[in-house]
Structure formats: C-alpha cells, structure tokens
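Dear colleague,

Please find the structure below, followed by some notes on what was found in it.

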Amino acid sequence: MADGTKIEWTDATWNPITGCAVVSPGCTNCYAMKLAGTRLRNHPSRAGLTKDTKAGPVWTGEVRFNEKTLLDPLRWKRPRMIFVVAHGDLFSEAVPDEWIDRIFAVMALCPQHTFQVLTKRPERMRDYLTTKLRQHRIAASQVELPDPAPPTGRWPHLPMPNVWLGVSVEDQKRADERIPDLLATPAAIRWISAEPLLGPINLRRIRIAPDHHTVIDALDGYAMVDTPGRERERAMLDWVVAGGESGTCARPSQPDWFRSLRGQCATASVPFLFKQWGNHRPCSDASGPYMLPCSKAEAGRHLDGVLHDGFPIIERSAS
C-alpha cells in the first residue's frame, strides 16, 4: 500500500493482489507491468509475474495474493480514496473468488474510506456482485483483524456505499464491450477511466454486442432500441476520467477526443476529470496542429488552458 500517490484521482494505492494478463491494446504499455519486470522484478510481490520479450516485460497471467498488505486500510483512520489493486486487476480470470471475498470484507470494515475499483473484466465483476457475493453472504468477521480491531458486523447490503466500480475503456470498441456490464452491476458510483485514450469515444451511443441493435446513452441512463417506442431507463455513469499515455513508446491521443468527452459530460452534468496529456502535448505550426513528444511534466494536465478536476459528490462515514 502506498500512502500518497501521483495518480491525480486518488489518495493511496492498495495492492493485496499483484499480477495480470494483457487483454486489449490499452495494456500494451502498462506501467505496472513494466515496473514488475524491471525495478521490482526481485520483489516478493512481483517476482516471476512477468516474462522478458523483445517489447519488454509482459505479464505471464500469474497473480499473487499479498497477505501482508490485506489489512492496511484497517489501520488508516483518516478517510482516503484508495485505488484497489492498482498493479493488477481484482477481477482477473486467475484471481479466486475467495481472494475477492477477503478484499470486499476489508472494504466493508472501512466505511471511512472510499475504495475505487477499476477493471477490464466487467463481465466477471457483474457476475460476482449479482450472483456469487449474494450467495456467499460473507461475514466481515471472517477477516483476521489487527489489534485493536475495528467494530465488526454482518455483510452490508449492496451496493456498498464506499465502493466505486469502474472500467477501463481505451476506444469505442472497448467502451461498447465493457460499459454495458458495468451499468448492469450494482454500485454506489459507476465510473470509467479512458486512459490511455487511443481513439474517440461516444458515451451517448454505446452499442451492446453482439447484435448492436440496442444503443445505450451511458450518461443520462436511457437505452434506445432500433424499434421506436422501446426506450427504457437504465443505470448511468457517475464519473468520467480521461488521459493520455505516458512512459516509453507512449502513443499520442488527439485533443478532440478529450474535448468530445468533456462536452458529452458537460451536457449530461457528469463530473469530468482530465488526468494528463501523458508524453505528448498539443502544438501547432504553419502545417496545422500536431502532438509533440515531451515529458509528462512538460505536457501538464490543462485541456484548452483549463484544469478539469471533477469528482462525484460523496458523503464519507466517520471513522
């Protein structure tokens, strides 16, 4: 666990699970994957989780449960926003349900914190939170608590108010694939991270696979069907985070992609946070606009000269 982080939308990271597998283009330059295969390659929580390739370290698909970090949030009394499994994916195919059970039990025992979950496997998240977790009805008391221990209690009703559930979407294809499952999952806050943004995304026209006849407006909560008169209300997104890619071999995002998301959110009154440009910044000359390679610090995080730091409005529980 890192008390303090450079990630602009959270306060701390918590890694009771490390390791993952590449599933889509957004994974290509994964920071956690590169770190696990370089500076942390001999650390007990990362050793053996990547393999060397010509393109650099790549996840092997193996995951690891880090028992020593599981109870860290219980020791923190001051409220924090905590990014859950920042160096992996809580709902990775290789993660047993029992590990997820224990992590949710810890989150249930920490109402003072806000836990931010982000996944590229929303179909498993949906299954877990609509079927398996309800079947398990896990008691928070199954977690071995530190001394002094916080008060225990029975498993809370879903959705848990201090757990935000989100998906990573790097382009329209991934948005169409992942957002419908997110919207079908019980959550206090539903959000997306469009980082690294690799193409334009229209959140107001999310097409549900495989037939694509149903179109969801993910920002105002309505689904439109090709047959007129068959519209129905659905869940919607509560927060949109977007950003460009950073690191070696970073791929540039186009400013209009971010402007479009900002405009969509403004129209629907959904909070929008522009995290970063990454390792390119917008420039222009006599030939027109272009993206100039630079450091992340030089690129900054102003979009058209404005800092966008939108967050959902929440009420924290007392510690």
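**Glu 245 and what surrounds it**

The side chains of Glu 245 and Asn 29 are joined by a polar contact of 3.1 Å, a polar contact being a pair of N or O atoms within 3.5 Å, where within protein one must be able to donate a hydrogen and the other to accept it, and residues adjacent in sequence count only if both atoms are side-chain atoms. Please keep in mind that this is a predicted model, in which local features need pLDDT of at least 70 and side-chain atom pairs count only at pLDDT 80 or more, while totals for chains, interfaces and linings use all residues. Residues are numbered from 1 along each chain as its sequence is written, and side-chain values use heavy atoms, with hydrogens and water left out.

Glu 245 sits in the loop between strand S15 (239-243) and helix H5 (255-268); helices (H or I, at least four residues) and strands (E, at least two) are DSSP runs, numbered from the N terminus. With a relative accessible area of 5%, Glu 245 is buried, which means under 20% relative accessible area, whereas exposed means over 50% and partly exposed in between (1.4 Å probe, protein chains only).

Gln 276, in strand S16, is also buried, at a relative accessible area of 2%. Its side chain reaches the backbone oxygen of Gly 244 at 2.7 Å, and the side chain of Gln 276 also makes a polar contact with that of Lys 275 (3.4 Å).

In H5, the buried residues include Trp 257, Phe 258 and Leu 261.

Best wishes
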